[in-house]
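Open the model in your viewer and keep the selection panel at hand. The tour goes from one selection to the next.

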Amino acid sequence: MSLIIKNLQARVKEGPEILCGVNLEIPRGEVHAIMGPNGSGKSTLSKVLCGHPDYEVTAGSAELDGQDLLSMSPDERSRAGLFLAFQYPVEVPGVSNANFLRAALKARMPEGEEPDAVSFYKRLRATMKQLGMDPKMTARAVNEGFSGGEKKRNDILQMLMLEPTCAILDETDSGLDVDALRIVSEGVNSLRAPFRSFLVITHYKRLLDYIVPDVVHIFHHGKIVRTAGPEMADYIEQHGFDFLKEDDA
Amino acid sequence: MMNKDAPLPELPDRLNENWRYGRPHQFATELAGRMDGRGKGKLTTNAPQECILHTLSPDADALPLSIGSDYFLRRAAQEQSDVLRIVLPKGEWGTEEAPLRIRCHVDSFYAPRLCVELQPGCRAHILEEHLHGSNSALVCLRSYTVHPNAELRLELRETGDNASCAMNISRIQCGENAHARQLSSYSGLAWVREETTGELCGAGAELLLLSANRPEKGQWIDQRCLQLHHAAGARSRALYKNVLRGASTCIFGGNIRVEPNAHESDAYLSNLNLMLSPEATVHSLPQLEIMADRVRCSHGTASAPIDPEQLFYLRSRGIGETDARAILADAFLNEVYLLFRQP
């Protein structure tokens with residue numbers, strides 16, 4: 001089992017509860033999708049799992065490959081194999097993409113060791129080519145002045161370079177045009193492996209046409225309320241989330 | 001030239017607007033006390049001998065302008081300290097990789113006078129290093145005259161220990177179509193006072209004043225700059241950035257002054273501070289004085305801790321908190337270095 005979440009409850013610090021008992025298991029090699037109405041807590045789940053300081057966990061547990069995620073700092077969670085492709089990737093002026101990635105790779109190496117510069121740049125350029133990115137972007141500051149689509153692509157570049165064992169993609173399709181969506185999805189699919197799991201958060205089935213999930217969960221009021229196969233995405237596409245009103249009633 | 005018989009003005013104190021922040025009386029008194037001792041130091045350069053003079057030119061070498069430190073300006077001018085005058089004719093002098101060097105070694109107290117003139121068509125990369133011995137003080141009067149169509153890139157690096165202090169009173173004059181940029185940085189000194197006046201004296205003149213510092217512990221960095229537009233159609237920029245740690249203090253007073261008839265001036269002034277400690281303090285006062293028409297002038301100042309979203313983004317990629325903070329602090333100052341190096 002890769003990612004196991006049990007009864008996870010969390011809130012914005014000193015604010016109301018947003019996650020109200022999330023239960024989720026994603027075995028290695030599987031892709032799970034989460035869909036749900038706006039404001040249901042999908043992005044909060046991704047941030048809580050990665051240790052965003054704005055949130056506090058009030059109950060429950062989350063384990064990655066048997067490691068207690070909730071007791072780790074955000075950087076420890078990343079080094080343990082967790083990756084979040086952000087809904088809104090952050091701009092970091094003054095830090096080049098190449099230096100940023102080298103620092104992230106160095107953080108995974110034993111004290112005093114660094115990535116070999118030649119092989120690092122060779123791999124970086126090859127990965128950028130795979131994602132259709134301009135090689136000049138290695139020297140540009142992380143996400144600074146990037147379009148929405150370029151930022152998303154840059155996050156996927158980081159994912160491919162860091163090779164996590166569990167990746168969470170938070171609305172990675174938003175801001176991508178049709179061609180970019182296909183290229184990014186191919187990049188994600190290239191990383192699919194029997195030892196790796198994915199959690200894909202999205203509003204639209206179009207992403208799931210490219211990254212075909214094994215399981216689709218419906219998120220509502222801070223927890224998973226339905227679990228089904230990939231056909232659930234087709235149902236949502238056609239009928240929306242009206243059926244959830246019956247649950248509310 | 002200065003009248004040596006003129007009475008010295010009073011020591012600056014808090015009533016002097018340009019010394020309003022910090023500990024003006026304490027610093028000024030200490031520095032004035034050090035000036036009573038016999039000056040020791042050495043001013044050297046690797047400029048060709050034919051460009052070097054050790055006497056001033058009454059016509060060319062006017063004193064720098066004071067931004068509040070008239071007392072020290074006058075006293076330093078009256079000291080029998082070293083003078084180094086460099087006149088660089090048309091041609092290339094130094095490169096980014098191998099700049100022309102001016103080195104100022106400071107023992108105890110030293111008050112040298114440095115005058116550098118770039119004649120028309122001259123392009124010079126200059127690295128000016130001020131190296132302090134332990135517990136030393138420097139009052140340096142610096143003048144750089146950049147004649148029409150000349151280009152100056154000047155880096156000033158000042159290093160010393162936490163018992164040393166420095167005052168640089170500087171003037172950079174740019175003639176028609178002359179371009180000048182200065183990057184100053186101060187490291188390790190207990191107290192620094194920098195006064196820089198950039199004068200734009202001809203159409204098409206461009207001046208870029210930059211500074212990047214990392215004060216820590218109880219260090220004080222007090223910087224004042226004046227972008228003085230005498231001529232129409234000139235452009236100036238100032239960007240002063242600091243990363244503050246410990247109980248350090250940065251004081252910044254900047255002024256863009258556009259003289260009558262300096263129409264169509266274009267100027268910007270910015271002071272940005274990254275606060276890495278709750279004990280650190282910043283006083284920032286940018287100002288504008290516009291006396292001409294059709295000008296584009298503005299200023300900005302901001303002081304803030306590290307953006308928590310940026311910090312989380314780096315940590316979410318596995319970079320530990322200490323390293324992430326260091327990367328973001330370097331990144332904050334990086335803009336200054338990039339501006340200095342850009343073609």
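Two strands pair if DSSP finds at least two bridges between them. Helices (H or I, at least four residues) and strands (E, at least two) are DSSP runs, numbered from the N terminus. This is a predicted model, where local features need pLDDT of at least 70, side-chain atom pairs count only at pLDDT 80 or more, and totals for chains, interfaces and linings use all residues. Residues are numbered from 1 along each chain as its sequence is written, while chains are lettered from A and ligands numbered from 1 in the order in which they are written.

**Stop 1: a sheet in chain A**

Select β2, β1, β4 and β5 of chain A. They form an open sheet of 4 strands in the order β2-β1-β4-β5, with antiparallel pairing. β2 (17-26) and β5 (67-68) stand at the edges with a single partner strand each, so one side of each lacks a neighbour in the sheet. Now zoom in on β1 (residues 3-12) of chain A: 7 bridges join it to β2(A) in the antiparallel sense. Pick A:Ile4; opposite, in β2(A), is A:Glu25.

**Stop 2: where the chains meet**

Show both chains. The contact (C-beta atoms, placed from the backbone, within 7 Å) takes 20 residues from chain A and 18 residues from chain B. On chain A, α2 (74-79), β7 (92-96), α3 (97-106) and α5 (148-162) each supply at least two residues of the side that touches chain B. By class, that side of chain A has 12 nonpolar, 5 polar and 3 charged residues. Ala, Val, Leu, Ile, Met, Phe, Trp, Tyr, Cys and Pro count as nonpolar, Asp, Glu, Lys and Arg as charged, and the others, Gly among them, as polar. The predictor gives the complex an ipTM of 0.96 and a pTM of 0.91.

**Stop 3: the domains of chain B**

Colour domain 1 (17-305) and domain 2 (310-343) of chain B separately; the bounds come from an automatic or database domain assignment. Their C-alpha centres lie 27 Å apart. The contact takes 11 residues from domain 1 and 8 residues from domain 2. On the domain 1 side, β11 (179-187), β13 (206-213) and β15 (235-244) of chain B give two or more residues each.

**Stop 4: B:Tyr21**

Select B:Tyr21, in the segment before α1 (24-34) of chain B. B:Tyr21 counts as buried because it has 20 C-beta neighbours inside 10 Å (buried is 20 or more, exposed 12 or fewer, partly exposed in between; C-beta atoms are placed from the backbone). Not counting residues up to four places away in sequence, B:Tyr21 touches B:Ile251 and B:His283.

Key: Two residues are in contact if their C-beta atoms, placed from the backbone, lie within 7 Å.
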